[in-house]
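Visitor: Hi, I'm new to this one. Could you walk me through it?

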Amino acid sequence: MSRIPTHTVEDAPAASRALLQKIVEATPMGRPANLHAQMAHSPAVLTAYTSLRAALAATTFDPKVGAALTLAAAAGVGNNYMTRIASRLAQMNGWTEEQVTALATGISTSDAKIDVLAGLVREAAANSGHVADTTWKAAQKGGWNDEQLTDAFAYLGATVFTGYFLNYAQTDLDV
């Protein structure tokens, strides 16, 4: 059961309304998802969330790679709500159902380059940001450069922020 009640755009704190409205306009549900409706209690939390999401557009990754990293991070965080959102996002960005399962579980997607980077992000999410030197070196040998390895952290950070909020608020699944 959720710890924090949900808001609508109309009853959210004034400082959250514009952000919440933008989120609603960008979602196919036509209403805020429970996580956004809970975040709206704190304009600071909603601003942080939307800022992290917006920053992802400035990374070197195309949306398909970004979706893979989000899903790998969600699996590492271990929140069912976040994994469901990330799985839908991955499918919307061209990953097959089998590849979505592979990204979530850490098995091969048949794309070795993606697998090694997703593995690094999954490991970091599961270990408070820590990754083994062998994992890091494997990502480098897999063709990922320093800028890309740094950009991968943006997906990790946004997903951890969201997943931790979902755990913290015990958000009811609505996706």
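This is a predicted model: local features need pLDDT of at least 70, side-chain atom pairs count only at pLDDT 80 or more; totals for chains, interfaces and linings use all residues.

Visitor: Okay, helix 4 then. How far apart are its end C-alpha atoms?

Guide: They are 21 Å apart. That agrees with what you'd expect, because 15 residues (63-77) at 1.5 Å a residue should span 21 Å.

Visitor: And is helix 4 mostly covered or mostly open?

Guide: Mostly covered: 12 of the 15 residues are buried. Among them are V65, L69, L71 and V77.

Visitor: What do those buried residues pack against?

Guide: Four other helices: helix 5 (80-92), helix 6 (97-105), helix 7 (112-126) and helix 9 (146-169).

Visitor: What's going on at the ends of helix 4?

Guide: D62 caps the N-terminal end, with a side-chain oxygen 2.9 Å from the backbone nitrogen of K64. After the helix comes G78, which has a positive phi, near 80°.

Visitor: Switching to the largest nonpolar core, which residues touch the most other members?

Guide: F61, L69 and W144, out of 48 residues in that core. Several helices supply at least two core residues each, including helix 1 (14-25), helix 3 (43-55) and helix 4.

Visitor: So what does L69 touch, leaving aside its neighbours within four places in sequence?

Guide: L69 is in contact with F61, L117, A118, V121, A152 and Y155.

Visitor: Last topic: what's the volume of the largest pocket?

Guide: About 650 Å³. Its lining has 21 residues, and A26, T27, H36, Y49 and I85 lie nearest the centre.

Visitor: Which element gives the largest share of that lining?

Guide: Helix 5, with 6 residues.

Definitions and conventions: Residues are numbered from 1 along each chain as its sequence is written. Side-chain values use heavy atoms; hydrogens and water are left out. The expected span of a helix is 1.5 Å times one less than its number of residues. Buried means under 20% relative accessible area, exposed over 50%, partly exposed in between (1.4 Å probe, protein chains only). Contact means heavy atoms within 4.5 Å. A polar contact is a pair of N or O atoms within 3.5 Å; within protein, one must be able to donate a hydrogen and the other to accept it, and residues adjacent in sequence count only if both atoms are side-chain atoms. A nonpolar core is a set of buried Ala, Val, Leu, Ile, Met, Phe, Trp, Tyr and Cys residues joined through side-chain atoms within 4.5 Å. On a 1 Å grid over the protein atoms alone, a cavity is a set of points where a 1.4 Å probe fits but cannot get out, and a pocket is an open set with protein on both sides within 12 Å along at least five of seven lines; lining residues have an atom within 4 Å of a point. Grid points are joined across faces, edges and corners, and a volume is the space filled by probe spheres set on the points.
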